[in-house]
Amino acid sequence: MTQRDTPRHRAAHWRAADLPAAAAALRAGGLVAFPTETVYGLGALAGDGAAVARLYAAKGRPLFNPLIAHVADLAAAEAVAVLPPAARALAQAFWPGPLTLVAPRRDGSAVCDLATAGLETVGVRVPDHPLAQALLRAVGAPVVAPSANPSGAVSPTTAAHVLDGLGDRIDGVLDGGPCPVGLESTILGFHGDDPVLLRPGGLPAEAIEAALGRALPRAAGGPVTAPGQLASHYAPGAAVRLSAAAPGPGEAWLGFGQDAVPPGPRALSLSPAGDLAEAAANLFAHLRALDRALAGRGTIAVAVLPDHGLGAAINDRLRRAAAPREAP
Ligand code: TXA
Ligand code: MG
């Protein structure tokens, strides 16, 4: 039974063996958080307008911000979107994986208008996580899934993070342990057949450029096509100070590689070895831990990170965490 009409309840905490219960809750129109390789998503049936409306409300997400449809394979993606040739080639190269393709919607697909915020395009991705794959196959229909956090907050990389943020507003969370990538998917849009980077993410732009055999332009200004691009997003309660050499008095510290700050409850390293994949996997959990150590006040000083590969996406999230907190 789903409890979505009850305003205050605790979400179910499902393990892998409970996957049929999670799938049944989704099919019944419930809100079910599940692990992907990037971050936990908050799932709803893409074709169920009422469920999608509850999803926006649970996150406090603006209705102009479209959702990504998650499907089990390329064939299912092509039932949702009309993929240009370059998109199909990239899908074949990188799916399942941390890549979202934004392409024209296919007429009559099982994704409701609310899920795409009325746009002519739809974001679609095939996640690379055994529980996400099993859940999508059990549901047998596209599942929209934004990151499973209140809008504007830091994305969740564990089931506990999901329950902290949304535990009284969703039906349940399927627990698959920590997400291995730790950053949201890379999002590509297309001008005709030419890809453009809308959001850096868990698939490095360099890998996409290598597959394309040409440079991948970054989306420039203009209308916001992916509100994850809004300046302030992924923000902890504490302020964030970037490119710091060392913590100032009273500041918490988020380090990387060889820095001389001794570890402690207010000093964490994204990767003592200077490994960007490890840093990505730790980023959101460490931001949360330091925010909690500061009781959501004060400042987290962050070391300089390289800006290549996954470093570009990590720096993108850190800039948004540090941006002034004006409402979008
Ligand atoms: O890794 C991920 O992508 C995670 C996991 C759960 O799959 N999902 C995720 O969803 O990060 P969300 O909603 O937090 O971020 C999706 C971004 C938003 O910034 C949204 O604006 C953009 O994708 N987006 C979705 N559909 C779009 C479209 N048709 N055109 C442009 N941007 C779109
Ligand atoms: Mg998000």
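**Close-up 1. What covers the buried residues of helix H5 in this predicted model.** Around these residues you'll find H1, S2, S3, strand S4 (68-70), S7 and S8, among the elements that cover them. And which residues of H5 are the buried ones? They are Leu-131, Ala-132, Gln-133, Leu-135, Leu-136 and Val-139. Once you've followed H5 along, look for Gly-140, which comes after the helix and has a positive phi, near 75°.

**Close-up 2. Helix H1 and its buried residues.** H1 runs over residues 19-27, and its buried residues are Leu-19, Ala-22, Ala-23, Ala-25 and Leu-26. These residues sit on the same side of H1, because the arc they cover around the axis is only 160°.

**Close-up 3. The partners of H1.** What do the buried residues of H1 pack against? Among the strands, look for S1 (12-14), S2 (32-34), S3 (41-45), S7 (143-144) and S8 (172-174). A helix joins in too: H5 (130-139). After H1 comes Gly-29, with a positive phi near 95°.

**Close-up 4. A cis peptide bond between Trp-95 and Pro-96.** Have a look at the bond that joins these two residues: its omega is about -5°. Most peptide bonds are trans, just so you have something to hold it up against. Where is Pro-96 in the chain? You'll find Pro-96 in the loop that links helix H4 (85-94) to strand S5 (99-104).

**Close-up 5. Two alanines with a positive phi, Ala-117 and Ala-295.** As a rule, most residues other than glycine have a negative phi. Here, though, Ala-117 has a phi near 55°, and the phi of Ala-295 is near 55° as well. Ala-117 lies in the loop between S5 and strand S6 (121-125), while Ala-295 belongs to the loop between helix H8 (276-293) and strand S14 (299-302). Are they buried, exposed or partly exposed? Ala-117 is partly exposed, at a relative accessible area of 26%, and Ala-295 is partly exposed too, at 47%.

**Close-up 6. Two buried cysteines, Cys-112 and Cys-179.** Cys-112 has 14% relative accessibility, so it counts as buried. Cys-179 has 4%, so this cysteine counts as buried too.

Note on methods: Residues numbered from 1 in each chain as written. Chains lettered and ligands numbered in written order. Predicted model: local features only at pLDDT ≥ 70, side-chain atom pairs only at ≥ 80, totals over all residues. Heavy atoms only, no water. Helix = DSSP H or I, 4+ residues; strand = E, 2+ residues; numbered from the N terminus. Buried < 20%, exposed > 50% of the residue type's maximum accessible area, 1.4 Å probe, protein only. Arc of directions from axis to C-beta. Contact = heavy atoms within 4.5 Å.
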